[in-house]
Amino acid sequence: QVQLVESGGGLVQPGGSLRLSCAASGNIFSRYTMGWYRQAPGKQRELVATITTENSTNYSDSVKGRFTISRDNAKNTVNLQMNSLKPEDTAAYYCNYRTVVRSYWGQGTQVTVSS
């Protein structure tokens, strides 16, 4: 089993920044994809960004140019630097770890963007 520990959520004003972190531990595969997804109240869960073991990245159009995903393969950690935050970024953010076998999810961390 894999355990995901998330941190970094909170309340910020529009235009502010937050940095989310997620560390994976347990039965880690040699190759995997990690990423961030978010879900606002009454909405479906949506992709924010993903990154592969080889550092290939994928971003939702809504966050391109504002968010940056990165990883430390040695520590099995993924980070999400969020800049120029907007009220529509408000959601619960979930860390994801994906292998050819299955996906794992963190408990989620709340991000609220409000003045």
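Trainee: Is C22 buried or exposed?
Mentor: C22 is buried, because its relative accessible area is 0%. Buried means under 20% relative accessible area, exposed means over 50%, and partly exposed is in between, using a 1.4 Å probe and protein chains only. This is a predicted model, where local features need pLDDT of at least 70, side-chain atom pairs count only at pLDDT 80 or more, and totals for chains, interfaces and linings use all residues. Residues are numbered from 1 along each chain as its sequence is written, and side-chain values use heavy atoms, with hydrogens and water left out.

Trainee: What is C22 joined to?
Mentor: A disulfide joins C22 to C95, with an S to S distance of 2.0 Å. The term covers a pair of cysteine sulfur atoms within 2.5 Å. C22 sits in strand β3 (residues 18-26) and C95 in strand β9 (residues 91-98), so the link connects distant parts of the chain, 73 residues apart. Strands here are DSSP runs of E with at least two residues, and helices are runs of H or I with at least four, numbered from the N terminus.

Trainee: And C95, buried or exposed?
Mentor: C95 is buried too, with a relative accessible area of 0%.

Trainee: What's the handedness of the link?
Mentor: Left-handed, with -85 degrees about the S-S bond.

Trainee: How many disulfides in the whole structure?
Mentor: A search of the whole structure finds 1.

Trainee: Back to C22. What stands opposite in β8?
Mentor: V78 does. β3 and β8 pair in the antiparallel sense over 6 bridges. Two strands count as paired if DSSP finds at least two bridges between them.

Trainee: Which strands make up that sheet?
Mentor: It is an open sheet of 4 strands in the order β1-β3-β8-β7, with antiparallel pairing. β1 (2-7) and β7 are the edge strands, each pairing on one side only. The twist averages 15 degrees from one strand to the next. For such angles, axes are lines fitted to C-alpha atoms, for helices over the stretch in contact, and the angles run from 0 to 180 degrees between N-to-C directions.

Trainee: Which residues of β7 are on the covered face?
Mentor: In β7 (residues 67-72), F67, I69 and R71 form the covered face, while T68, S70 and D72 form the uncovered one. I69 has L80 as its bridge partner in β8. β7 and β8 (residues 77-82) run antiparallel and are joined by 6 bridges. Their hairpin has 4 residues between the strands, and N76 there takes a positive phi near 50 degrees.

Trainee: Switching to charges. How many salt bridges?
Mentor: The structure holds 5. The criterion is a side-chain nitrogen of Lys or Arg within 4 Å of a carboxyl oxygen of Asp or Glu. One of them is between E54 and R31, at 3.1 Å, N to O. E54 lies in the loop between β5 (46-52) and β6 (57-59) and R31 in the loop between β3 and β4 (33-39), so the pair ties together parts that are 23 residues apart in sequence. R31 is exposed, at 54% relative accessible area.

Trainee: What does R38 pair with?
Mentor: R38 forms a salt bridge with E46 at 2.8 Å, N to O, and another with D89 at 3.0 Å, N to O. R38 is in strand β4 and D89 in the loop between β8 and β9, so this pair ties together parts 51 residues apart in sequence. Salt bridges that share partners join R38, E46, R66 and D89 into one network.

Trainee: Are R38 and D89 buried or exposed?
Mentor: R38 is buried at 5% relative accessible area, and D89 is buried at 1%. E46 is partly exposed, at 36%.
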